[in-house]
Amino acid sequence: MGFTMPFGQPAEFSVSATGDTLTYAWYFNNSVIPGALTSTLSIPAAAAGNAGDYKAVVSNAGGAVTSSVATLTVVFRPTITNQPKSQTVVSN
């Protein structure tokens, strides 16, 4: 599953799980995200460094399950790198 967000816009991932005394851990490109310990992961303003794969691991005393991977793609507004130049044409 993938999501495309414009640069600077908020992105949010969430997971639903059932069970007793659940704990959550979010991962970005297979590395744990420190402090991301709830069922929702919020990115206030998507930037190039946020693009990648996200997943959640939900666990309790009975074990752990891993969500499917959600890929975030960050797109940028186009920018004009070369402005048009005015021209004068003389007719014959």
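Analyst: A residue counts as buried under 20% relative accessible area, as exposed over 50%, and as partly exposed in between. Phenylalanine 28 has a relative accessible area of 22%, so this residue is partly exposed. Tyrosine 54, at 4%, is buried. Phenylalanine 13 is buried too. The model is predicted.

Now the pairs. The whole structure holds four aromatic pairs. In one of them, phenylalanine 13 and tyrosine 54 have ring centres 4.6 Å apart and planes at 25°, so they are stacked. Phenylalanine 13 sits in strand 2 and tyrosine 54 in strand 6, so this pair ties together parts that are 41 residues apart in sequence. Tyrosine 54 also pairs with phenylalanine 28. That pair is tilted, with 4.8 Å centre to centre and 40° between the planes. Phenylalanine 28 belongs to strand 3, so its pair with tyrosine 54 links parts 26 residues apart in sequence.

Next, the surroundings. The largest nonpolar core has 15 residues. Phe13, Trp26 and Tyr54 are among those with the most contacts inside it. Strands 2, 3, 5, 6 and 8 each give two or more residues to this core.

Lysine 55 lies over the face of tyrosine 27, at 5.8 Å from the ring centre.

Finally, the setting. The chain has eight strands and zero helices. Buried residues make up 22% of its 92 residues. Its radius of gyration is 22 Å, whereas a compact globule of 92 residues would have one near 12 Å.

Note on methods:
Residues numbered from 1 in each chain as written. Predicted model: local features only at pLDDT ≥ 70, side-chain atom pairs only at ≥ 80, totals over all residues. Heavy atoms only, no water. Helix = DSSP H or I, 4+ residues; strand = E, 2+ residues; numbered from the N terminus. Rg over C-alpha atoms; globule rule 2.2 N^0.38 Å. Buried < 20%, exposed > 50% of the residue type's maximum accessible area, 1.4 Å probe, protein only. Core = buried A, V, L, I, M, F, W, Y, C linked by side-chain atoms within 4.5 Å. Phe/Tyr/Trp six-rings, centres within 6.5 Å; stacked < 30°, edge-to-face > 60°. Lys NZ or Arg CZ within 6 Å of the ring centre and 35° of its normal.
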